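Me: Hi! Could you walk me through this one while I have it open?

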Amino acid sequence: MPWLITSLSILLIRLLSVLPYKENTDITSGFTGKLIFFRIGAFLSGLTWGWCGYYFAGQVSLDSQLYISFMLAGLLAGAASSLSVDKLSMISFVLPTIAPNIIHYLMSEQDTSIGMALMLILFMLFIIYASLIQGKNILENIELRIKSHESEQKIQHLAFHDALTGLPNRSLFNDRIEQALCAEMRGKNPIAILFIDLDGFKHVNDSYGHAVGDELLQTIANRFKTIVRSYDTVARIGGDEFVVIVQKIEQRDDITKIANKLLREASNPMEISGHNINISSSIGIAIYPDHGTDKETLITNADNAMYLAKDNGKNTIQVHAA
């Protein structure tokens, strides 16, 4: 009965120590403190099991002592395997659990005591060694899984984002506009497609080199990202061409306001690699449903409006004429 009460008490304490973290999804928050607390719990649990084994072994017959030793050995085999991912926690549990039982046999005058003590020492060393190997394998497996997941995410990101600017590429842009059209067809709200082409970008590449041109595109992309709202999309679909999807438009003037902000940001001077660079942009706008009800028509009309803006002197905005 005392043994049963002790076992249940230890299980209850360990359960209560876990409950505060059950609902905490941020496992990185206070990780060091949690790990120290866990290690202390493992040590105290092992110490309690070891002390109980030592105490009860001195009160019972040899058969019962062997039973206690084998029970503790079985407990160690399971616990050490579970704790193997953190070798300090594993050792903190194994040593105080088995050491008192070993001491008991070394101090006992029974004929089998020395043999049992040696057997437990060998068993303890084997358990520690096996757990260290298992823990290493588990950690390596976890590391491989993490790297595989990160590689998969990176591949997926590269498949749908522009490698230079990090903006959505043409594939993701097409998906976003289709989703936007499906959503707005039900709500009957307008959507605007802003087709942006940088004026004089070829001159920058020819005069300063492609490295400066690439940095310019990155700078422009970062500026555009600060202008659009969280539910809008700015994408780079190739070269110096950007496209913006403007959603949830309450007033038509909002489209022009966003376009003017994009125009100003593109024309603000930039210092890149020691060069002061000034460029501008031309923006063409097509609005759903006025200028088309499908993706292809809207993009084509926005593109045509952009070329008209270039023909009108560049650094200007042109809305598609229905």
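Reply: Happy to; we can go through the sheet, some helix packing and a few single residues.

Me: Before we start, is this a predicted model or an experimental one?
Reply: This is a predicted model.

Me: Good to know. How many strands form the open sheet, and in what order?
Reply: There are 5 strands in the open sheet, running S2-S3-S1-S6-S7 in order, with mixed pairing. S2 and S7 are the edge strands, each pairing on one side only. On average, neighbouring strands of this sheet are turned by 20 degrees against each other, direction ignored.

Me: Let's go strand by strand then. What joins S2 and S3?
Reply: S2 (residues 233-238) pairs with S3 (residues 241-246) in the antiparallel sense, over 5 bridges. Arg 236 has Phe 242 in S3 as its bridge partner. S2 and S3 form a hairpin with 2 residues between them, and Gly 239 in the turn has a positive phi of about 55 degrees.

Me: S2 is at the edge of the sheet. Why is it described as largely enclosed?
Reply: Because 5 of the 6 residues of S2 are buried, S2 is largely enclosed by the rest of the structure.

Me: OK, next one over. How many bridges join S1 to S3?
Reply: S1 and S3 run antiparallel and are joined by 6 bridges. Ile 193 stands opposite Ile 245 in S3. A helix also packs on this sheet: H9 (residues 252-267) touches S1, S3, S6 and S7, and its direction makes about 160 degrees with that of S6.

Me: And what does S1 do with S6?
Reply: S1 (residues 191-199) and S6 run antiparallel, joined by 9 bridges. Leu 194 has Ile 285 in S6 as its bridge partner.

Me: Where does Ile 285 find a bridge partner in S7?
Reply: At Val 319. S6 and S7 (residues 317-319) pair in the parallel sense, over 3 bridges.

Me: Changing topic to helices. How do H4 and H5 pack?
Reply: H4 (residues 87-107) and H5 (residues 113-160) pack at an angle of about 175 degrees, and their axes are 9 Å apart. An angle over 145 degrees counts as roughly antiparallel, and H4 and H5 are therefore roughly antiparallel to each other.

Me: Which residues meet there?
Reply: From H4 they include Met 90, Val 94, Leu 95 and Ile 98, and from H5 they include Leu 120, Ile 121, Met 124 and Ile 127. The residues of this contact of H4 with H5 divide into 16 nonpolar, 3 polar and 1 charged.

Me: Now some single residues. Is Leu 76 buried or exposed?
Reply: Leu 76 is buried, with a relative accessible area of 0%. Leu 76 is found in helix H3. Leaving aside neighbours within four places in sequence, Leu 76 is in contact with Ser 81, Phe 93, Val 94, Thr 97, Ile 98, Phe 123 and Ile 127. Leu 76 and Phe 123 are 47 residues apart in sequence and 9.7 Å apart in space, C-alpha to C-alpha.

Me: And where is Ser 84?
Reply: Ser 84 is found in the loop between H3 (62-82) and H4. Ser 84 is buried, with a relative accessible area of 3%. Not counting residues up to four places away in sequence, Ser 84 touches Ser 131, Gln 134, Gly 135 and Ile 138.

Me: Last one: Leu 8, buried or exposed?
Reply: Leu 8 is exposed, with a relative accessible area of 51%. Leu 8 is found in helix H1 (residues 2-22).

Notes:
Residues are numbered from 1 along each chain as its sequence is written. This is a predicted model: local features need pLDDT of at least 70, side-chain atom pairs count only at pLDDT 80 or more; totals for chains, interfaces and linings use all residues. Side-chain values use heavy atoms; hydrogens and water are left out. Axes are lines fitted to C-alpha atoms, for helices over the stretch in contact, and angles run from 0 to 180 degrees between N-to-C directions. Helices (H or I, at least four residues) and strands (E, at least two) are DSSP runs, numbered from the N terminus. Angles under 35 degrees count as roughly parallel, over 145 as roughly antiparallel, 65 to 115 as roughly perpendicular and the rest as oblique. Contact means heavy atoms within 4.5 Å. Ala, Val, Leu, Ile, Met, Phe, Trp, Tyr, Cys and Pro count as nonpolar, Asp, Glu, Lys and Arg as charged, and the others, Gly among them, as polar. Two strands pair if DSSP finds at least two bridges between them. Buried means under 20% relative accessible area, exposed over 50%, partly exposed in between (1.4 Å probe, protein chains only).
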